[in-house]
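Please examine the sequence and the structure shown here, then continue with the headed sections below.

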Amino acid sequence: MLLEIYQTLYRAYGPRHWWPGETPFEVAVGAILTQNTSWKNVEKAIQELKNRAVLNAEGIHQLEKSQLAPLIRSSGYYRIKTMRLKNFVNFLFENYNGSIKRMGKEGLETLRKKLLGVNGIGPETADSILLYGLNKPIFVVDAYTKRILSRHEMIPNNASYEEIQRVFMDHLPLDEKLFNEYHALIIHLGKTLCKKVPRCDICLLKAWGRAHP
């Protein structure tokens, strides 16, 4: 069923080319900045970091918090996110000499556990870094994923992040390209049709049962 849903979405929406980011480090920064805000606001912050030539581990590592905070103001909760970015970059230097490429050589489970130990990095952020930044086969769960699956009664309303993730990882090939595209298609469906007030009448997933808003 999950593969059929994927194929239906892919035929309708095509490749989504997500996540936007020129480097793995930029993806990681974006994953932290996008917490509780729209991608549009994140893009402004990332562009500001690029304009100052500090969108790299060394650049952010050298900045004082008071210097970094104004650069990411557009992302919202910028003081908190300043701390989280600094925490991540400090982790990168303490464990991998500031090299995200070196970090990427760690095994998936080991690295995920380490990332979750960084203050301010939760499961969705960690998995976004792993999948989109480092091309590791792990499925990213977000609010759209939970909304769509629960509305179609594929998961209970109180399902945890890990329970939802296992639905995908236990029933799909462990393929990072598939996970990448599937999650991007879910985001698009959630933004266009399966919104807070859903358009069930024209939803592509009607064949899998009536949704319950």
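## Packing of helix 2

The buried residues of helix 2 pack against helix 3 (39-51), helix 4 (57-62), helix 6 (78-96), helix 7 (100-103) and helix 9. Helices here are DSSP runs (H or I, at least four residues), numbered from the N terminus, and contact means heavy atoms within 4.5 Å. Helix 2 itself spans residues 24-33 and is mostly covered, with 9 of its 10 residues buried. Buried means under 20% relative accessible area, exposed means over 50%, and partly exposed lies in between (1.4 Å probe, protein chains only). The buried residues of helix 2 are Phe 25, Glu 26, Val 27, Ala 28, Val 29, Gly 30, Ala 31, Ile 32 and Leu 33.

The model is predicted: local features need pLDDT of at least 70, side-chain atom pairs count only at pLDDT 80 or more, and totals for chains, interfaces and linings use all residues. Residues are numbered from 1 along each chain as its sequence is written, and side-chain values use heavy atoms, with hydrogens and water left out.

Glu 181 is found in helix 12 (residues 176-192). Glu 181 is buried yet has no salt bridge, and the nearest side chain of opposite charge, that of Arg 16, is 5.8 Å away. For charge, Lys and Arg count as positive and Asp and Glu as negative, while His and the chain ends are not counted. A salt bridge is a side-chain nitrogen of Lys or Arg within 4 Å of a carboxyl oxygen of Asp or Glu. A polar atom of the Glu 181 side chain does, however, lie 2.8 Å from the backbone nitrogen of Arg 16. Leaving aside neighbours within four places in sequence, Glu 181 is in contact with Tyr 6, Tyr 10, Gly 14, Pro 15 and Arg 16.

Tyr 6, one of these contacts, is placed in helix 1. Tyr 6 counts as buried because its relative accessibility is 15%. Not counting residues up to four places away in sequence, Tyr 6 touches Leu 178, Glu 181, Tyr 182 and Leu 185. Tyr 6 and Asn 119 are 113 residues apart in sequence and 34 Å apart in space, C-alpha to C-alpha.

## Salt bridges

The structure holds 7 salt bridges. One of them joins the side chains of Lys 114 and Glu 106 (2.5 Å, N to O). Lys 114 counts as partly exposed, at 32% relative accessibility, whereas Glu 106 is buried, with a relative accessible area of 19%. The side chains of Asp 127 and Arg 112 also meet in a salt bridge (2.6 Å, N to O). This pair links distant parts of the chain, with Asp 127 in helix 9 and Arg 112 in helix 8 (residues 108-116), 15 residues apart. Both Asp 127 and Arg 112 are buried.

Arg 199 forms a salt bridge with Asp 201, the closest N and O atoms being 3.2 Å apart. Arg 199 is partly exposed at 37% relative accessibility, and Asp 201 is partly exposed at 47%. Glu 22, Glu 26 and Lys 50 are linked in a network of salt bridges.

## Pocket and cavity

On a 1 Å grid over the protein atoms alone, a cavity is a set of points where a 1.4 Å probe fits but cannot get out, and a pocket is an open set with protein on both sides within 12 Å along at least five of seven lines; lining residues have an atom within 4 Å of a point. The largest pocket holds about 520 Å³ of space. Among the 20 residues that line this pocket, the closest to its centre are Thr 34, Thr 37, Glu 124, Asp 142 and Tyr 144. Helix 9 (123-133), helix 10 (143-151) and helix 12 each supply at least two residues of the pocket lining.

The count comes to 1 cavity of 30 Å³ or more. The largest cavity has a volume of about 60 Å³, a volume being the space filled by probe spheres set on grid points that are joined across faces, edges and corners. Residues lining the largest cavity include Leu 2, Ile 5, Phe 168 and Tyr 182. Helix 1 (2-13), helix 10 and helix 12 each supply at least two residues of this lining.

## Positive phi angles

His 17 has a positive phi of about 55° although it is not a glycine. His 17 is placed in the loop between helix 1 and helix 2, and counts as exposed at 68% relative accessibility. Tyr 77, likewise not a glycine, has a positive phi of about 45°. Tyr 77 lies in the loop between helix 5 (65-71) and helix 6, and counts as exposed at 54% relative accessibility.

Notes:
Polar contact = N/O pair within 3.5 Å; in protein donor to acceptor, adjacent residues only side chain to side chain.
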